[in-house]
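Here's a protein to look around in, taken from the whole chain down to a single pair of side chains. Have the sequence and the 3D view open as you read.

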Amino acid sequence: YCQAYCTYCFRFAQFVAVGSSLQFASKDAQQLARYLEVNKGVSDLLFTGGDPGTLTAEQFSRYIDPLLNTKEHEHVQTIRIGTKSLAYWPYRYVTDSDADDFP
């Protein structure tokens, strides 16, 4: 699910081919945390590819919470969220049932 179909989106298959082999299968949120623990040279992180603003607060928290305020991830200085949801779906952050829980 996404609010817009951008012509340059490399995750397009995630929204039009649901259930096909084109769709990413990983649901392992801890994989990112483990990768960053080993790769100390990563100082900037960008959540994008599809739109992370379409995730529920609980889903997004599974990815971002393990990275915050931990010794293992102190080398990560910048975390950016690449989303169009602020323009396409601003109510997601104001009136959705989990708006107050979004990290």
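We'll start with the overall layout and then move on to the charged pairs.

First, some ground rules: this is a predicted model, where local features need pLDDT of at least 70, side-chain atom pairs count only at pLDDT 80 or more, and totals for chains, interfaces and linings use all residues. Residues are numbered from 1 along each chain as its sequence is written, and side-chain values use heavy atoms, with hydrogens and water left out.

So how confident is the predictor here? The score to watch is pLDDT, the predictor's confidence in each residue on a scale from 0 to 100. Its mean over the protein is 83, with 78% of the residues at 70 or more. Confidence is highest in strand E2 (residues 78–81), at a mean of 94, and lowest in helix H1 (residues 12–16), at 59. Where pLDDT is low, the predicted coordinates should not be read in detail.

Now for the layout. You'll find 4 helices and 2 strands, in the order α-α-β-α-β-α along the sequence. These are DSSP runs numbered from the N terminus: helices are H or I with at least four residues, strands are E with at least two. Of the 103 residues, 30% are buried, meaning under 20% relative accessible area, while exposed means over 50% and partly exposed is in between (1.4 Å probe, protein chains only). Contacts are heavy atoms within 4.5 Å. Take those between residues at least 6 apart in sequence, and 68% of them join residues at least 24 apart.

Next, the charged pairs. Side chains of opposite charge can pair when their charged atoms come close. A salt bridge here is a side-chain nitrogen of Lys or Arg within 4 Å of a carboxyl oxygen of Asp or Glu, and the protein has 2 of them.

One joins Lys71 and Glu74, with the closest N and O atoms 3.7 Å apart. Lys71 is exposed at 64% relative accessible area, and Glu74 is partly exposed at 49%.

The other salt bridge links Asp98 and Arg92, at 3.0 Å from N to O. Is this pair buried or exposed? Asp98 is buried because its relative accessible area is 15%, and Arg92 is buried too, at 1%. To find Asp98, look in the segment after helix H4 (85–88). Leaving out residues up to four places away in sequence, Asp98 touches Thr56, Ala57 and Arg92.
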